[in-house]
Amino acid sequence: MKTLRRLGLVSIPLTFSLAGIGMLWLLQVEQAPGSFFEQLGQHRTNWLGAHLLLLLSTVFLVPAALSIRLALRSKIVGALGTAMIIIIALTAVLLAGQYAIDFVMPLLIEVGGDALQVHGLLFKTPVIDRLFYKLPNLVFLALFILSCTLLGVKHIPWSVRTILLVNWLLVLLGNLIHPVFQRVAIVLLAFSFLPFVYVYWNESAQDVE
């Protein structure tokens with residue numbers, strides 16, 4: 001039990017750092033001149049590397065969320081946390097699907113011809129667009145709500161809880177300022193969570209093996 005809980009705690013900074021770094025890396029492709037296919041052709045390594053990190057971040061997403069949920073003691077707050085876990089688990093699968101689809105895009109360019117029609121079909125089909133490119137956006141909102149439940153943890157200094165809340169607001173609103181700002185804020189979440197990880201890591205030492 002102690003080992004599993006600690007693995008979950010380690011997943012918290014891992015999921016945010018991998019996601020943020022992957023998104024920052026992806027900017028090298030997104031901000032490159034030319035059409036989408038030209039960007040992929042010229043920056044294939046950046047595209048694949050970024051999406052590999054993003055895929056890895058989804059692996060740690062659910063364990064990280066579960067670790068936050070286990071820290072909750074109140075039944076009412078715990079019920080809210082459980083609801084967020086369900087949303088995060090479902091959207092994490094869809095998010096991984098999105099990254100997997102994006103990961104094979106350079107291969108479609110290499111094949112060309114009918115393969116490029118597959119790309120058009122994927123992005124023009126409303127069901128696929130909603131499932132893999134709209135609904136996964138809920139994961140960050142659910143994580144934000146789940147993180148807000150930690151604000152009531154009294155043995156964590158209020159200053160630390162405030163930093164976490166402000167950091168989350170920067171993530172949710174940062175794209176209105178600049179994509180780089182938002183993605184750096186996601187990386188910083190890994191550090192904002194460290195005091196919580198430290199406290200619950202020490203608490204897990206009291207668990208019976």
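A crossing of two helices is left-handed if the near helix is turned anticlockwise from the far one by less than a right angle. Keep that in mind for the helix pairs below.

The model is predicted. Its mean pLDDT over the chain is 88. Residues that reach 70 or more make up 93% of the chain. Helix H10 has the highest mean pLDDT, at 95. Helix H6, residues 114-124, has the lowest, at 68.

Start with H10, which spans residues 179-192. Its partner here is helix H1, residues 2-30. The two axes lie 6 Å apart, and the helices pack at an angle of about 160 degrees. Angles over 145 degrees count as roughly antiparallel, so H1 is roughly antiparallel to H10. The crossing of this pair is left-handed. On the H1 side, the contact residues include Pro-13, Phe-16, Ser-17, Ala-19 and Gly-20. Further along H1, Ile-21, Met-23, Leu-24, Leu-26, Leu-27 and Glu-30 also take part. H10 answers with Pro-179, Val-180, Arg-183, Val-184, Ile-186, Val-187, Leu-189 and Ala-190. By class, the contact of H1 with H10 holds 15 nonpolar, two polar and two charged residues.

Gln-39 sits in helix H2, residues 36-42. Is Gln-39 buried or exposed? Its relative accessibility is 11%, so Gln-39 counts as buried. The cut-off for buried is under 20%. Setting aside residues up to four places away in sequence, Gln-39 touches Val-29, Glu-30, Ala-32, Pro-33 and Gly-34.

Next comes helix H8, residues 138-148. H8 packs with helix H3 and with helix H4. Take H3 first, residues 44-70. The axes of H3 and H8 are 10 Å apart, at an angle of about 25 degrees. Angles under 35 degrees count as roughly parallel, so H3 and H8 run roughly parallel to each other. H3 passes H8 in a left-handed crossing. Leu-61, Ala-65 and Ile-68 of H3 meet Val-139, Leu-143, Leu-146 and Ser-147 of H8. Six residues of the H3 contact with H8 are nonpolar, one is polar and none is charged.

H4 spans residues 75-103. How are H4 and H8 oriented, roughly parallel or roughly antiparallel? Their axes cross at roughly 155 degrees and come within 9 Å. H4 and H8 are therefore roughly antiparallel to each other. Their crossing is left-handed. From H4, the residues in contact are Leu-80, Gly-81, Met-84, Ile-85, Ile-87, Ile-88, Thr-91 and Leu-95. From H8, they are Leu-138, Val-139, Ala-142, Leu-143, Ile-145 and Leu-146. The contact of H4 with H8 divides into 12 nonpolar, two polar and no charged residues.

Ala-83 belongs to H4. Its relative accessibility is 33%, so Ala-83 counts as partly exposed. Ala-100 and Asn-46 are 54 residues apart in sequence, and their C-alpha atoms are 15 Å apart.

Now turn to H6, the element with the lowest mean pLDDT. Leu-122 is found in this helix. Its relative accessible area is 19%, and Leu-122 is buried because the cut-off is under 20%. Which residues does Leu-122 contact, leaving aside neighbours within four places in sequence? They are Ile-101, Met-105, Ile-128 and Asp-129. Leu-122 and Phe-132 are 10 residues apart in sequence and 9.8 Å apart from C-alpha to C-alpha.

Helix H7 covers residues 126-134, and Pro-126 is found in it. At 44% relative accessibility, Pro-126 counts as partly exposed. Pro-126 and Ala-92 are 34 residues apart in sequence and 20 Å apart in space, C-alpha to C-alpha.

Definitions and conventions: Residues are numbered from 1 along each chain as its sequence is written. This is a predicted model: local features need pLDDT of at least 70, side-chain atom pairs count only at pLDDT 80 or more; totals for chains, interfaces and linings use all residues. Side-chain values use heavy atoms; hydrogens and water are left out. Axes are lines fitted to C-alpha atoms, for helices over the stretch in contact, and angles run from 0 to 180 degrees between N-to-C directions. Helices (H or I, at least four residues) and strands (E, at least two) are DSSP runs, numbered from the N terminus. Angles under 35 degrees count as roughly parallel, over 145 as roughly antiparallel, 65 to 115 as roughly perpendicular and the rest as oblique. Contact means heavy atoms within 4.5 Å. Ala, Val, Leu, Ile, Met, Phe, Trp, Tyr, Cys and Pro count as nonpolar, Asp, Glu, Lys and Arg as charged, and the others, Gly among them, as polar. pLDDT is the predictor's confidence in each residue, from 0 to 100. Buried means under 20% relative accessible area, exposed over 50%, partly exposed in between (1.4 Å probe, protein chains only).
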